[in-house]
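Subject: Structure handover

Hi,

Here is the structure I promised to pass on. Please open it alongside this note, which goes through what turned up.

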Amino acid sequence: MTTAEAIRVSPEWLDLRERADAAARSPDLVRHLRRLTSRGPLVVHDLACGSGSMGRWLAPLLPGPQHWILHDRDPDLLTLAGATVPGPAADGADITVETRPSDVTRLGRDELAGASLVTASALLDLLTADELLGLMRTCAGAGCPVVLTLSVTGRVQLRPADPLDARVAASFDEHQRRVTPRGRKLGPDAVHAAIEGFRRLGAEVVVRPSPWRLGATDSDLAVEWLTGWVDAACEQEPSLAFDAELYRRRRLREAAAGALAVTVGHADLLVLP
Ligand SMILES: C[S@@+](CC[C@H](N)C(=O)[O-])C[C@H]1O[C@@H](n2cnc3c(N)ncnc32)[C@H](O)[C@@H]1O
């Protein structure tokens with residue numbers, strides 16, 4: 001999990017969350033998208049692809065031959081992403097993949113030339129306002145639909161409730177908004193900033209909720225998420241540490257026993273040029 005600037009996202013974390021991500025992303029936006037895209041061949045640029053989970057989810061839901069161009073700044077994740085070709089397409093057509101080492105906030109307009117679709121997942125909340133603006137301008141310049149899934153909204157609900165939930169959540173959100181050498185991260189403000197920003201650039205934006213709903217069958221992911229959530233809150237607010245340690249133990253016991261239900265709010269955006 002990413003907890004500090006320049007800390008790399010581990011492949012193990014991406015692997016652990018892939019099933020919950022696939023279940024959370026909005027099928028309704030895919031239905032919209034299928035009406036908009038031709039039957040191919042499609043050229044899809046997946047920005048900040050990680051180990052390639054977006055392609056594994058979306059490519060089989062779209063018809064026609066597809067060429068996926070996977071961008072990330074992490075060379076190890078790119079190698080992983082390039083090693084697994086997703087698909088086949090919804091109608092059995094072939095899918096091909098290439099990888100490109102890129103800082104997706106600094107792409108030149110030409111780098112998305114010829115794109116039929118641009119995608120990104122679990123990215124926007126990691127960006128600063130300037131980085132998001134650069135990304136939005138590049139996407140708008142590509143002149144094709146853009147699908148941006150799983151941006152955190154800051155809405156977290158745990159059942160059963162605990163008196164410390166709200167304080168941990170508020171400190172975690174502030175940690176997401178922390179100042180880094182690249183500027184202040186948007187964290188839970190990213191969705192609003194992206195909707196406003198794309199609309200100002202003249203695009204239509206369709207928004208759908210895409211929460212993780214973690215129950216007894218997702219206890220491994222719930223435990224890992226909870227650990228990172230509490231750690232980040234304590235890093236942001238060190239005076240929370242004593243209470244948070246007891247809270248963490250209570251919550252981890254509940255999660256391991258399958259007695260904790262966690263909803264982590266995300267939003268998916270479909271941007272139409
Ligand atoms: C939370 S992971 C999501 C990965 C993948 N999209 C997924 O849904 O599984 C965030 C990814 O963004 C990448 N990343 C973050 N900032 C980036 C940037 N400026 N340029 C390229 N990649 C970036 C990280 O290396 C990481 O792979």
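First, a term used throughout: helices (H or I, at least four residues) and strands (E, at least two) are DSSP runs, numbered from the N terminus. The model is predicted, so local features need pLDDT of at least 70, side-chain atom pairs count only at pLDDT 80 or more, and totals for chains, interfaces and linings use all residues. Residues are numbered from 1 along each chain as its sequence is written, and side-chain values use heavy atoms, with hydrogens and water left out.

**Aromatic rings**

Start in helix 8. Trp-225 and Trp-229 sit four residues apart there, so about one helical turn separates them. The background is simple: an α-helix has 3.6 residues a turn, so residues three or four places apart point the same way.

The whole structure holds three aromatic pairs. The rule covers rings of Phe, Tyr and Trp (its six-membered ring), with centres within 6.5 Å; planes under 30 degrees apart are stacked, over 60 edge-to-face, and the rest tilted. One of the pairs is Phe-172 with Trp-229: the centres are 6.4 Å apart and the planes at 50°, so this pair is tilted. Phe-172 belongs to helix 6 (residues 165-176) and Trp-229 to helix 8 (residues 219-236), so the pair ties together parts 57 residues apart in sequence. Trp-225 and Trp-229 also form a pair, and this one is stacked, at 4.9 Å centre to centre and 25° between the planes.

Phe-172 is buried at 12%. Trp-229 is buried at 1%. Trp-225 is buried at 4%.

Ala-232 is also in helix 8. Its relative accessible area is 2%, so Ala-232 is buried. Leaving out residues up to four places away in sequence, Ala-232 touches Phe-172 and His-175; contact means heavy atoms within 4.5 Å.

Gln-176 is in helix 6. Gln-176 is buried, at 13% relative accessibility. Its contacts beyond four places in sequence include Asp-125, Val-152 and Lys-185.

**Ligand**

What surrounds the ligand? There are 20 residues, and the closest are Ala-48, Asp-72, Asp-103, Val-104 and Ser-121. A residue counts if one of its heavy atoms lies within 4 Å.

- A polar backbone atom of Ala-48 is 2.8 Å from a nitrogen atom of the ligand.
- A polar side-chain atom of Asp-103 is 2.9 Å from a nitrogen atom of the ligand.
- A polar side-chain atom of Ser-53 is 3.4 Å from an oxygen atom of the ligand.

Alone, the ligand exposes 590 Å², and the protein buries 96% of that. Areas come from the Shrake-Rupley method with a 1.4 Å probe; for residues, only the protein chains shown count as cover.

**Helix 4**

In helix 4 (residues 75-83), Leu-77, Leu-78 and Ala-81 are buried. Seen down the axis, they fall within an arc of 100°, so they line one face of the helix. The arc is that of the directions from the helix axis to the C-beta atoms. Pro-75, Thr-79 and Ala-83 are exposed on the other side. Cover for the buried residues includes helix 1 (11-24), strand 2 (66-72) and strand 3 (95-101). At the start of helix 4, a side-chain oxygen of Asp-74 comes within 2.9 Å of the backbone nitrogen of Asp-76.

Most residues other than glycine have a negative phi, and most peptide bonds are trans. Ala-48 has a positive phi, near 60°. Ala-48 is in the loop between strand 1 (42-47) and helix 3 (53-58). Ala-122 has a positive phi of about 55°. The bond between Gly-87 and Pro-88 is cis, with omega about 10°. Arg-159 to Pro-160 is cis too, with omega near 5°.

Best wishes

Note on methods. Buried < 20%, exposed > 50% of the residue type's maximum accessible area, 1.4 Å probe, protein only. Polar contact = N/O pair within 3.5 Å; in protein donor to acceptor, adjacent residues only side chain to side chain.
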